[in-house]
Every structure is written in C-alpha cells, then in structure tokens.
Amino acid sequence: MIDQHLQQMLLTNKQKFMIPASLVATVNVTNSLDHAFLVLTKDRYAKIVVVDNDNRYRGLISLAMITDLLLDTHRIAINRLQKLVVGDVMQTDAPTITDPFDVEENLHLLIDQSFLTVVDGTQHFQGIVTRRELLKAVNYTVHNFNHFYRVQNK
C-alpha cells in the first residue's frame with residue numbers, strides 16, 4: 001500500500017496521467033495487416049490499441065507481432081499483409097484498467113507494459129496511461145517530497 005502522503009503527491013498532476021482516446025492512434029480489428037503495419041511504422045509506435053466499429057477495446061497489435069507472422073523459414077512472406085486482418089494476430093490478453101488514477105495498481109502493471117489501456121464498464125476505449133507519464137509523477141514526488149514533508153526515523 002502506498003503511503004497517503006506519497007499518494008497525494010503522486011496525484012498532483014493526475015490530469016496528465018491519461019491520454020484521451022481522441023489523441024491515441026488506433027486500428028480497427030477488421031483493418032488489413034498492411035494498414036496496421038503502415039500506422040505502426042509511419043507513426044513509429046511499437047504497439048497500438050485495436051478497437052471495433054463501436055470503439056470497444058479488442059486488443060493490442062505490435063510491429064513484432066506482424067513481422068513474426070511474415071517470417072518464413074527462407075523468406076519474408078509479404079503477401080500475408082493483405083490476406084490477414086488485425087484481428088487474426090492481435091494480442092487479446094493485455095491488462096486493461098478502468099481507473100487511470102489508481103497509482104498502486106497502475107505502477108504494478110506498468111512494470112511489464114509501456115502503456116495501459118483505459119476502458120469503461122462496457123469496454124469502450126477511453127484512453128491510455130503511459131509508463132512515461134506515471135514516471136514523471138514519481139520523479140516529481142521523489143524530488144519534491146522534502147519540500148512538503150519532514151521525514152523522521154522511527
């Protein structure tokens with residue numbers, strides 16, 4: 001459990017924790033893999049959110065997932081990009097969150113993820129919480145804690 005004073009400081013700039021869905025690159029579950037490949041490559045993302053036509057979260061897709069599919073034993077099978085859709089190769093078991101301000105849970109989950117997908121109760125995509133933004137809060141807290149609190153040994 002995070003100390004309440006630390007929690008309070010970590011949440012000082014909580015409005016910056018979540019990047020809203022309207023600002024996040026996504027692909028549709030029915031998009032071709034070549035479209036996803038272009039989005040990932042052009043925008044230089046390693047992984048992006050996959051949604052359906054109702055903007056419900058369906059999973060994540062990465063450049064590594066696509067390139068793994070293209071590699072044959074002796075060649076690169078580029079023709080697979082046009083034959084398959086995002087839903088054929090996306091990751092569906094990535095963790096999602098509903099509370100972008102639950103610092104303790106999000107810190108724990110961000111150890112293994114570069115971002116967390118935020119959804120509502122009906123799985124509608126709300127945005128993402130990035131490791132970068134949460135680390136900014138941690139950085140602020142560890143560098144400014146002594147300006148607000150005096151620490152004493154027990």
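Helix α2 crosses helix α3 in a left-handed way, meaning that the near helix is turned anticlockwise from the far one by less than a right angle. The model is predicted, so local features need pLDDT of at least 70 and side-chain atom pairs count only at pLDDT 80 or more, while totals for chains, interfaces and linings use all residues. Residues are numbered from 1 along each chain as its sequence is written, and side-chain values use heavy atoms, leaving out hydrogens and water.

**Exercise 1.** Work out how α2 and α3 are oriented to each other.

*Step 1.* Find helix α2 at residues 33-42 and helix α3 at residues 63-70; helices are DSSP runs (H or I, at least four residues), numbered from the N terminus, and strands are runs of E, at least two residues.

*Step 2.* Take the angle of about 135 degrees, with the axes 10 Å apart. Axes are lines fitted to C-alpha atoms, for helices over the stretch in contact, and angles run from 0 to 180 degrees between N-to-C directions.

*Step 3.* Angles under 35 degrees count as roughly parallel, over 145 as roughly antiparallel, 65 to 115 as roughly perpendicular and the rest as oblique. That makes α2 oblique to α3.

*Step 4.* Look at the contact (heavy atoms within 4.5 Å): L33, A36, F37, L40 and T41 of α2 meet L63, I66, T67 and L69 of α3.

**Exercise 2.** Now describe how α6 packs with α7.

*Step 1.* Helix α6 (residues 103-110) and helix α7 (residues 131-148) pack at about 125 degrees, their axes 11 Å apart.

*Step 2.* The two are therefore oblique to each other, and α6 passes α7 in a left-handed crossing.

*Step 3.* From α6, the contact takes V103, N106, L107 and L110; from α7, R131, L134 and V138.

**Exercise 3.** Which strand gives the most to the lining of the largest pocket?

*Step 1.* Gather the lining residues: I19, L23, V24, A25, Y45, A46, K47, I48, V49, S114, F115 and I128.

*Step 2.* Strand β3, residues 47-51, gives the most, with three residues.

Note on methods: On a 1 Å grid over the protein atoms alone, a cavity is a set of points where a 1.4 Å probe fits but cannot get out, and a pocket is an open set with protein on both sides within 12 Å along at least five of seven lines; lining residues have an atom within 4 Å of a point.
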